[in-house]
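Subject: Structure handover

Hello,

Here is the structure to be passed on to you. My notes on it follow below.

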Amino acid sequence: MSSLEEAKVRDATDPLKGWRQHFDLPDDVIYLDGNSLGPLPKKAKALMQDAVERQWGHDLIRSWNSNDWIGAPQRIGGKIAALIGAAKDEVIVADSVSVNIFKLLTALARERPDATHIISEAGNFPTDAHVAAGAAEILGLELKLLSRDAIVEAIAEDTAAILLTHVHYKTGIRFDMAGVTAAARGRDVPLIWDLSHSTGAVPLDLPRDGAQYAVGCGYKYLNGGPGAPAFIYVAKDQQEALRSPLQGWMGHKRPFAFEDAYEPASGLDRMLVGTPSILSMLALEAGVDIMAEADMQAIWEKSQALFDYMAGLMAERCPQFQMVSPTDAAERGSHISFVHEHAWPINNALIAHGVIGDFRAPDILRLGLTPLYLGFEDIWRGVDILSGIMDSGEWQKPQYSAAAKVT
């Protein structure tokens, strides 16, 4: 059985051990939910103070130029592009994942007037299915929610578009991006990848894998803050064909000419809609800058090591949990999930002991493995606390079964 001392030795030799200092994390918390909301970067605190007091408070509206507020969507998008293997002008920051899915999905599907349906995965994160259903209804299409194994075979000439999440939000199972993309492109069907649980978690190279369209989240592994803006990726050679269904003034070719008629801007600027949420964007930039400085390969290697370590400890000390995440690293993201019929009260008991994990209905205990600020000692202590909760039956206390206000 692995010991606490062995975990400390592994942390001492960890090449990423110094990165935790970049985050404002409580000393009495083991944070295993960075795959849902990343912690506060220390850099963001100073940056936000400057953004409020100097940029907004003193410079006022001049900051659109003097502090380049107007260029934030493109500037931050260019930084995210480096994390996914894209060119700077192939990513732009805008709106939320849900809104960006709608814009892309609708823009692509309506260019295929003979199509009859949209394909997505059954059991995917709800917003993807909900937005796809709304877009399908507007366009007069059918939404087909299929099992993962049935998707490639179902791609047909009359498929309007495909929407898939690269890393599954519950289990962490990862699609073969290159393989599925090749199948879609072989039938000339556009495919949108949702990278919400991928960007900053697993190595990505979208051009290498043939991906042409993607959206992604800013507040998980990019540590951009609650509700941080999302991003859109579109391969350069596909951009001029896009016509966003949300034609806002920031997506106009000449936004400050204030013309009545809409003319889309060149490149990805056409996917902008309204005035950017500048304070949120600047907070996101602080998180992105940290990720840009880190070594993604080192992050991924440590993610694999943390996964194997936790899987082994759980098998030894908490055998009543069934792991549902893939053991093959090439087939998963950077969180580890376990099934237990009482996962909800167990997770609440963990939180009460300072181990912040996550629950996903109906029976998933989901634990994020975020290598920049999580160590092997954290994993050992977290499993040790969980083992104690299970052995004592503490999770059965009434307060831990209370209904959730926010999940």
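In which helix does Leu279 lie? The answer is helix 9, which covers residues 278–293. Please keep in mind that this is a predicted model.

Leu279 has a relative accessible area of 31% and is therefore classed as partly exposed, since that class covers values between 20% and 50%. Together with Val52, Trp56, Leu60 and Ile61, Leu279 makes a nonpolar surface patch of about 490 Å².

Four strands form an open sheet in the order 9-10-13-12, and the pairing is antiparallel. Its edges are strand 9 (322–323) and strand 12 (358–360); each has a single partner strand, so one side of each has no neighbour in the sheet. Helix 10 (residues 296–317) packs on this sheet and touches strand 9, strand 10 (335–339) and strand 13. The direction of helix 10 makes about 20° with that of strand 10. Strand 12 and strand 13 (residues 364–368) are joined by three bridges in the antiparallel sense, and Phe359 is opposite Leu365 of strand 13.

Two loop residues remain. Ser36 sits between strand 1 (30–31) and helix 2 (42–56). Its relative accessible area is 18%, so Ser36 counts as buried, the limit being under 20%. Beyond its neighbours within four places in sequence, Ser36 contacts Tyr219, Lys220, Asp358, Arg360 and Arg366.

Gly227 belongs to the loop between strand 7 (213–216) and strand 8 (231–234). Gly227 is exposed, because its relative accessibility is 56% and the class begins over 50%. From C-alpha to C-alpha, Gly227 is 9.7 Å from Asp95, with 132 residues separating the two in sequence.

Regards

Conventions
Residues numbered from 1 in each chain as written. Predicted model: local features only at pLDDT ≥ 70, side-chain atom pairs only at ≥ 80, totals over all residues. Heavy atoms only, no water. Buried < 20%, exposed > 50% of the residue type's maximum accessible area, 1.4 Å probe, protein only. Contact = heavy atoms within 4.5 Å. Patch = residues over 30% accessible without salt bridge, like charges linked within 9 Å, V, L, I, M, F, W, Y side chains within 5 Å. Areas by Shrake-Rupley, 256 points an atom, 1.4 Å probe, with all protein chains shown as cover. Salt bridge = Lys/Arg side-chain N within 4 Å of Asp/Glu carboxyl O. Pairing = 2+ DSSP bridges. Axes fitted to C-alpha atoms, helices over the stretch in contact; angles between N-to-C directions.
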